[in-house]
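Please look at the structure below and keep it beside you while you read. The briefing goes through it topic by topic.

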Amino acid sequence: MDSQLMGKTSVIVLDNHTPGDVAKAMIEDGRQKEPFYIFDMDEAYRRVEYFRKMMPRVEMFYAMKANDSDKMIKLAAALGLGFDCASPGEIRKILELGVSPQSIIFAAPCKTPDWMMYARQSGVRHTTFDSSYELKKIKQYWSDVGLLIRIKVDSDSIYKLGDKFGCDFETEATDLLDEAASLGLKVVGVAFHVGSSCSSAHSHVEGLQNARALFDYELRAGRGMSIVDIGGGFLSDRNDRIDQVSKLINTTLEELFPERSIQIIAEPGRYLCDTSCNLYCNINNIRRVTRGGEKVNMIYMNDGLYGCLRFNDPPQTVKRFGRPEGVINEKLEKTILWGPSCDSTDRVMENMEIMLPACTPLDWLIFTPQGAYTFGFATPFSCLPKPQMRSVVSQQLWAKLKDSKVFNPEDFEQNPDISAPLPSSLPPLIKKSTFLKSYTLKTN
Ligand SMILES: *Cc1c(COP(=O)(O)O)cnc(C)c1O
């Protein structure tokens, strides 16, 4: 019942309630006994619309590895986005929705021959490369594909991708373009990715300048390119960041790529989905201990490092949920958060100083934002379950989505009981009358 169920429950259509009301109702009702997500479809929708408004020339190819829950990818498909897929499994998921393979870029620069053949047979027509060996494989297994050369840009990102992917603009890029041409392969564009959670807008400018230089190189060589892929890495926590970065991208595009015949695409992941999910986590136990002469509350939660709470960095935050905030003079206390496994490294937000009011095992904690790169990392370690997801949508957005071919009527539930629990992840009971011979435990 675990991962298979993820996101497969229907989206509840809200009348006068907010997503926070739903969480509160579920918790207060008491039938929900396991950690859960609330996925606020309207928030993801607002992100898509805002990105479109800020960068009208840029077409979005949603980087689905950030959040591939059923409702998120359906929403992206219903809104007409393309997809950045990074494996055959992701390609299959998107094609199953009825999206055209021509709306997919297989944006992994290192692919096995099997992956290439799968993508080609599925009708996907674009991929990236950053090495000579990749070109040789492509020549053999996918010679008719449209290629984007992935170049590295230096950046101030938290998660640097340049260490792993992207050829060097100065020393490698033109050689690779020539090699592709000599193999008879078609390079149709340039791609870069400033790294996830990039805080410097200038990285995008540098990427665009280098892309322009490669466009010019190809033109001088009598070849032409038509796609600029500015990747992802847009920050999710504050809207003024996308305001700044989009202005700079727009002016740089006008300056360097004024030709309307050139298609500009982006692969936002985190930006579109991160703020749309919060994780509500209940508490199994609490111990008050002294560590280094200091009183510390150790909270044993029902989700942890091997589940969805893998990340240590801001903007991730944790708060006690439900009880009114700021009860007079309630002191914040030093807190350690443990996950549910028996592993002592299963400590959540270890690098952050966590200060919470005193909690009891009846309290719930809310982690936010939790929509990007969270449940995709959950492991099957120790048979621990992964939190289920309750998706919610407003009447207004439901009215826009319900006739889309991507959604089925069963995807939505109207007049819902907002306090209803999600399915339990407890395994079915096993009943047997004969047993194997093993060591058995004494009973007295
Ligand atoms: C992961 C990835 C993205 C998305 O990055 P975000 O930081 O989530 O926006 C975009 N493009 C490529 C090639 C990626 O690997």
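Predicted model: local features only at pLDDT ≥ 70, side-chain atom pairs only at ≥ 80, totals over all residues.

Residues are numbered from 1 along each chain as its sequence is written, and side-chain values use heavy atoms, with hydrogens and water left out.

**Aromatic rings**

- Rings of Phe, Tyr and Trp (its six-membered ring) pair if their centres lie within 6.5 Å, and planes under 30 degrees apart count as stacked, over 60 as edge-to-face and the rest as tilted; by this rule there are 13 aromatic pairs.
- Phe36 and Tyr280 form a stacked pair, with 5.1 Å from centre to centre and 15° between the planes.
- Phe36 belongs to strand E2 (residues 36-40) and Tyr280 to strand E11 (residues 277-291), so the pair ties together parts that are 244 residues apart in sequence; helices (H or I, at least four residues) and strands (E, at least two) are DSSP runs, numbered from the N terminus.
- Buried means under 20% relative accessible area, exposed over 50% and partly exposed in between (1.4 Å probe, protein chains only); Phe36 is buried at 0%, and Tyr280 is buried at 3%.
- The rings of Phe51 and Phe234 have their centres 5.2 Å apart and their planes at 85°, so this pair is edge-to-face.
- Phe51 sits in helix H2 (residues 41-54) and Phe234 in the loop between strand E9 (227-229) and helix H9 (239-256), and the two are 183 residues apart.
- Ring pairs also link Phe36, Tyr280, Phe321 and Trp364 into a cluster.

**Strand E3 and its partners**

- Five of the six residues of strand E3 (residues 58-63) are buried, so E3 is largely enclosed by the rest of the structure.
- Two strands pair if DSSP finds at least two bridges between them; E3 is joined by three bridges to strand E10 (residues 263-266), and these two run parallel.
- Three bridges also join E3 to strand E4 (residues 82-85), again in parallel, and within E4 the bridge partner of Ala63 is Asp84.
- From E3 the chain crosses through helix H3 (residues 70-78) to E4 in a right-handed β-α-β crossover, a term that applies if, with the strands pointing away from the viewer, the path from the first strand over the helix to the second runs clockwise.

**Nonpolar cores**

- A nonpolar core is a set of buried Ala, Val, Leu, Ile, Met, Phe, Trp, Tyr and Cys residues joined through side-chain atoms within 4.5 Å; the largest has 104 residues, and those with the most contacts inside it are Tyr62, Leu337 and Phe367.
- Apart from this core lies another, of 16 residues, among them Val22, Ala23, Ile38 and Phe321.

- Most residues other than glycine have a negative phi, and most peptide bonds are trans.
- A cis peptide bond joins Pro314 and Pro315, with omega about 10°, and another cis bond joins Thr368 and Pro369, with omega about -10°.
- Pro369 lies in the loop between strand E17 (364-368) and strand E18 (388-394), where Tyr373 is also found.
- Tyr373 has a positive phi near 55° and is buried, with a relative accessible area of 14%.
- Cys383 has a positive phi of about 55° although it is not a glycine, and Cys383 is exposed at 75% relative accessible area.
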